[in-house]
Amino acid sequence: MSWQWPVSVATDLPTGQHLALRALRRSDRAQWQVVRERNHERLAAWEATVPGESSTRTPFGQLRRGSDRAARAGAALPFVIEVDGTLVGAMQLFDVIWSSRRAGSAGYWLDREATGRGYATWALALLIDHVLLGIGLHRVEVAILPHNAPSLAVAARLRLPEEGLRRGLMHVEGHWRDHRVFAVVAEDVAPGGYAQGGLIRLLRRTA
């Protein structure tokens with residue numbers, strides 16, 4: 001499979017629910033705005049900021065158009081997470097580098113009403129499998145703030161190999177923050193790798 005946009009990928013959870021990663025649509029406006037407003041203060045502690053600029057919310061139409069442009073250019077995969085037809089968060093591959101690197105970084109957030117159900121774990125597994133096994137990138141990084149216990153638990157459930165602490169990696173909530181960095185490479189999901197066949201298969205074996 002080559003890079004495509006728009007594209008959607010999906011899997012059935014052990015609970016019988018259907019989880020999908022798909023592009024943001026015009027028809028998502030009302031639901032997106034409700035979810036973002038409900039989680040604004042909670043997510044401010046985790047989301048990247050721009051040095052010297054006040055944090056502002058991008059209008060929905062501008063956000064959707066910008067996301068589509070980046071995706072069509074092969075620079076990002078800006079998915080929303082949908083469970084049984086309800087938008088519960090976002091899962092994004094960003095900073096995609098091609099040529100000799102073929103790498104990208106993953107980031108995500110969940111609605112506070114959807115946490116604690118494994119959605120982030122399965123969605124991240126789905127993204128990584130799509131990128132490494134479907135598209136053919138070689139490496140996916142996941143950078144996590146050291147005090148972000150829920151995201152560290154996601155990394156642990158997926159057995160993501162940790163590579164260490166990167167100092168001042170990203171500007172968050174007005175400061176340059178250190179992050180713990182985890183990474184999965186194509187060899188990890190290839191025959192002989194710790195997650196042979198993909199992270200979704202790993203989750204099903206250990207569920």
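Arg-38 and Asp-111 are joined by a salt bridge whose closest N and O atoms lie 2.5 Å apart, where a salt bridge is a side-chain nitrogen of Lys or Arg within 4 Å of a carboxyl oxygen of Asp or Glu. This pair links distant parts of the chain, 73 residues apart, with Arg-38 in helix H1 (residues 29–43) and Asp-111 in the loop between strand S5 (103–110) and helix H3 (119–135); helices (H or I, at least four residues) and strands (E, at least two) are DSSP runs, numbered from the N terminus. The model is predicted, with local features needing pLDDT of at least 70 and side-chain atom pairs counting only at pLDDT 80 or more, while totals for chains, interfaces and linings use all residues. Residues are numbered from 1 along each chain as its sequence is written, and side-chain values use heavy atoms, leaving out hydrogens and water.

**Exercise 1.** Find which class of accessibility Arg-38 and Asp-111 belong to.

*Solution.* Begin with the cut-offs: buried means under 20% relative accessible area, exposed over 50%, and partly exposed in between (1.4 Å probe, protein chains only). Arg-38 has 25% relative accessibility and therefore counts as partly exposed. Asp-111, at 5%, counts as buried.

**Exercise 2.** Describe how strands S7 and S8 are joined.

*Solution.* Strand S7 (residues 162–172) and strand S8 (residues 175–185) run antiparallel and are joined by seven bridges; two strands pair if DSSP finds at least two bridges between them. Next, take Met-170, whose bridge partner in S8 is Arg-177. Finally, look at the hairpin, which has two residues between the strands, and where Glu-173 takes a positive phi near 50 degrees.
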